[in-house]
Amino acid sequence: MTNDESAEYYTLLCDDPPHEVVLVDCGPRETDVILALRKLTGLSLWHCRVLARQTPVTILEGLGDYEAQSAVSALRRAGAEAEWRQEPEPGEHTAPSP
């Protein structure tokens, strides 16, 4: 490349930022939610029970849009209240929930 030629550089942006799945409330069917958590996370029944009782809690992180929506759907079918959110960028702080 000579001095007369210029190079162009492009920054690629990710079309699908990572998402996290948050269990907001376990609901009245705790056993069904625990079993759904076990299927989604692969954790033991004991760990899933602890997670279900510590709401609100982040269950899964780093998921694509489709995977996050599928996980939330599975939790809602089990009777839980769940939501998926875009993960905050590194260095970005979120306010603690009241």
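Modeller: The protein has 3 helices and 3 strands, where helices (H or I, at least four residues) and strands (E, at least two) are DSSP runs numbered from the N terminus. This is a predicted model, so local features need pLDDT of at least 70, side-chain atom pairs count only at pLDDT 80 or more, and totals for chains, interfaces and linings use all residues. Residues are numbered from 1 along each chain as its sequence is written, and side-chain values use heavy atoms, leaving out hydrogens and water.

Biologist: What pattern does the protein follow along the sequence?

Modeller: Reading along, you get β-α-α-β-α-β.

Biologist: Why is α1 called roughly antiparallel to α3?

Modeller: The axes of α1 (residues 30–41) and α3 (residues 65–77) come within 8 Å and cross at roughly 160°. Angles over 145 degrees count as roughly antiparallel, so α1 gets that label against α3. The axes are lines fitted to C-alpha atoms over the stretch in contact, with angles from 0 to 180 degrees between N-to-C directions.

Biologist: Which residues make the contact?

Modeller: A36, L37 and L40 of α1 meet A71, A74 and L75 of α3; contact means heavy atoms within 4.5 Å.

Biologist: What makes residues in this contact nonpolar, polar or charged?

Modeller: Ala, Val, Leu, Ile, Met, Phe, Trp, Tyr, Cys and Pro count as nonpolar, Asp, Glu, Lys and Arg as charged, and the others, Gly among them, as polar. So the contact has 6 nonpolar, no polar and no charged residues.

Biologist: How many of the residues count as buried?

Modeller: Of the 98 residues, 28% do, meaning under 20% relative accessible area with a 1.4 Å probe, protein chains only.

Key:
Angles under 35 degrees count as roughly parallel, over 145 as roughly antiparallel, 65 to 115 as roughly perpendicular and the rest as oblique. Buried means under 20% relative accessible area, exposed over 50%, partly exposed in between (1.4 Å probe, protein chains only).
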